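Work through the exercises below with the sequence and the model side by side. Each task is followed by a solution in steps.

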Amino acid sequence: MKAKFLKVRCTGCGNEQSVYSHASTIVRCNVCEKTLATPTGGKAEMKGIVIGAVEQSG
Ligand SMILES: [Zn+2]
C-alpha cells in the first residue's frame, strides 16, 4: 500500500493534524500530547479518529 498522510482527529482535544500513515515513531497531538499513532513496523496504528487522507499534489 502506498504511504500517505492521514488527517487524524485527537480524541482528547479534537485537534486535527496530519499523520504519516507509515510513521516509524509515536505521533502525539500537537496540543495535548495524546498519542495519535503508534508504529507497528509497517502501517502505523491510528489511535485517533481518521477523518480522511490529505491530498497531495505531485
Ligand atoms: Zn489533543
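**Exercise 1: a residue in a strand**

Thr38 has its place in strand 4, where strands (E, at least two residues) are DSSP runs numbered from the N terminus. The model is predicted: local features need pLDDT of at least 70, side-chain atom pairs count only at pLDDT 80 or more, and totals for chains, interfaces and linings use all residues. Residues are numbered from 1 along each chain as its sequence is written, and side-chain values use heavy atoms, with hydrogens and water left out.

Task: classify Thr38 as buried or exposed, and list its contacts beyond four places in sequence.

Step 1. Buried means under 20% relative accessible area, exposed over 50%, and partly exposed in between (1.4 Å probe, protein chains only). Thr38 has 17% relative accessibility and therefore counts as buried.

Step 2. Contact means heavy atoms within 4.5 Å. Leaving aside neighbours within four places in sequence, Thr38 touches Ile26, Ala44, Glu45 and Lys47.

**Exercise 2: the zinc site**

Task: find the protein donors of the zinc ion and name their arrangement.

Step 1. Donors are N, O and S atoms within 2.8 Å of the metal (3.2 Å for Na, K and Ca); water is not among the atoms, so sites may look incomplete. The SG atoms of Cys10, Cys13, Cys29 and Cys32 qualify, lying 2.2 to 2.4 Å from the zinc ion.

Step 2. Along the chain, the donors follow the spacing C-x2-C-x15-C-x2-C.

Step 3. Four donors count as tetrahedral if all angles lie between 85 and 135 degrees. The angles at the zinc ion are 102 to 118°, so the arrangement is tetrahedral.

Step 4. Cys10 counts as buried because its relative accessibility is 3%. Cys29, at 3%, is therefore buried, whereas Cys13, at 38%, is partly exposed.

Step 5. With a disulfide taken as a pair of cysteine sulfur atoms within 2.5 Å, the structure holds zero disulfides.

**Exercise 3: charged pairs**

Task: how many salt bridges are there, and which residues form them?

Step 1. A salt bridge is a side-chain nitrogen of Lys or Arg within 4 Å of a carboxyl oxygen of Asp or Glu. The count is two.

Step 2. Arg9 and Glu16 pair at 2.9 Å, N to O. Arg9 is partly exposed at 33%, as is Glu16 at 37%.

Step 3. Lys47 pairs with Glu45, their closest N and O atoms being 3.2 Å apart. Lys47 is partly exposed at 39%, and Glu45 is partly exposed at 41%.

Key. Four donors count as tetrahedral if all angles lie between 85 and 135 degrees; four count as square planar and six as octahedral if opposite donors are over 155 degrees apart and all others between 65 and 115; anything else is irregular. Helices (H or I, at least four residues) and strands (E, at least two) are DSSP runs, numbered from the N terminus.
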